Amino acid sequence: MEVKTSGQLYSKLFYIDTAILCCVVLAMTVFFFTSTRNRFLEQNLKYMGMMSESADSYLKETSDIAEYIHEDLYKSSMELNDALHYLTDGPADYQQYRLDTYFDSKISEYKGIEAFFLDAFQAYQSLSRIMFYSYERGMVTEYTRDGKSYKRFADKVFLKRVESGDLVEENCFFYLKEIRDPINMQVKGCMLLGFESGKFESIRQYYSRAELAVFNDAGTVVFDSNGNYKASEIMEAEDAGTLESFLGAYVEQSQTGRYHTISYLEKRLASAVPMPVILMILLVGLGALALGETFVRYHLKRLEQRLDRILDGMIKVMEGDLKVRIPSNRNGDELDVISSYFNEMCINLEEHINKRYLAEIEQKNAEMAALQSQINPHFLYNTLEAVRMMAICNGDREVGKMLYSLAVTFRAQIKEADVITLAQELHYSKKYIELFEFRYPGQFQMLMECPEEYLQIPVIKFVLQPIIENYFIHGIRMKETDNFIRISVEKEKEEVKIVVEDNGIGMTETELAVKNRELAENFMEKQASIGIANVNRRLKAVYGKGYGIHMEARPGGGLRVILRFRPQEAPAGEGCRDREN
């Protein structure tokens, strides 16, 4: 036989461990790189969504401000009337109206449209310009934050923008609010409330990787951080549902009134990992590989030395030297265990050989005892049959009936297969109970209940006899005549339950708890061969650990023993419902 040295094992383990280490480090590097890419993608998409929400929030905020200013104008009759006269009267008539109102009202301060707009500028910092346009006079008055106003006549370009709703100028976008006379609801003019579009640049710079575009229904750009696409092209792709494909990016889009917000992040940039991060991952992977390789070499070198000692000891044992001992370093690992067991094996080798021969002899004796135990029941059964026939010939039919019941029980034990039908098991149980009717005449009643469709269900034999015997030994009340034992069969889905119920002495709660715990744990004394524990063990062995016996107190006194099993097949048969006194 070729003797292999630990060097051969060292080489194999070294190459295997190195290959495994490389695979693990490579897998970890790929995992961390993929995880980092996914994290950057998730973070960038999150930032893009936040940018879209911020831009949309700003549009909603400005839209609400425009609505508030419009509503506030209608809340003040003086300011509203001043605005209506400004829109409809000439300059002289308008000034005369203001003087007449001032003197007639006897107020200390006249609040006209200028004061209203000045308050609006002070209240809303994002409001940059207000245009006041008279439909009848064709005059446009522009108010700025510094309190100045500029008048001009509306040109064709301005009128076209108002009609089309294209209310965008450089660094400013507008909301149009018409002004009606509350008496006749006629439109006299409009306000154009302008807000700074530079806010979008601040939002975009905060979320630097994504791009932001804001435009109106007319296709005029309010803000575009990229500038590579026309608003008309984006709108066409948006209407066609191909915007993401057109931009080659992840897209978030929303609309507030006449303004559209598009935030997008190019797919090639969305999951891009910065080069410093990639280099860091690679360096960490190489460092882990180098550290792991150093540890593998050190560990295998120590393993080689210890294996050499074990191999030397084994070679000596092969040569017949049972006195060899392998030094143990007490490291607490498997090699120390092997060394200790090897030393113990050498010390006790002769003893183990002797024990093996003794065990073989005991096994032969057990087989002989098993053969003898089969002979005794046959002999007893044949003897009972002879005695029964003699009793019948002598006219003693009661003794013959009793012997017949006992003989049926022994014959079932000897000749029946290990698995019988439920009808057979109930029949043998009935014959067994008849033996006790001769012993306790008139002291108990017996009831068997089984739907006929359950009779052919297969079950291992002699699961009821020990339960019945337990009742007559420990449970029956000898001084009473109203004792009874009931055997019933139930079925829930695929599970069959045989319930043995009596009104006997019963057990305390503590005794029941202890007994049920032993049954659940499948505990049985080594010398026991019959009884409830034996039946429980047989049921669990055949049908599984989830089945077996459970005991509980019967309401009104007595005991309920429940046998649970799950047969593989349950063909229909004939029913039974026997009641005997």
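T256 stands opposite Y259 in strand 10. The model is predicted: local features need pLDDT of at least 70, side-chain atom pairs count only at pLDDT 80 or more, and totals for chains, interfaces and linings use all residues. Residues are numbered from 1 along each chain as its sequence is written, and side-chain values use heavy atoms, with hydrogens and water left out.

Strand 10 covers residues 259–266 and runs antiparallel to strand 9, with 8 bridges joining the two. Strands (E, at least two residues) and helices (H or I, at least four) are DSSP runs, numbered from the N terminus. Two strands pair if DSSP finds at least two bridges between them. An open sheet of 4 strands is formed, in the order 8-7-10-9, with antiparallel pairing.

Helix 2 (residues 77–88) meets helix 3 (residues 91–105). Their axes come within 9 Å and cross at roughly 160°. Axes are lines fitted to C-alpha atoms, for helices over the stretch in contact; angles run from 0 to 180 degrees between N-to-C directions. The crossing angle therefore makes helix 2 roughly antiparallel to helix 3 (angles over 145 degrees count as such; under 35 is roughly parallel, 65 to 115 roughly perpendicular, the rest oblique). Contact means heavy atoms within 4.5 Å. Helix 2 contributes N81, D82, H85 and Y86 to the contact, and helix 3 contributes Y94, Y97 and R98.
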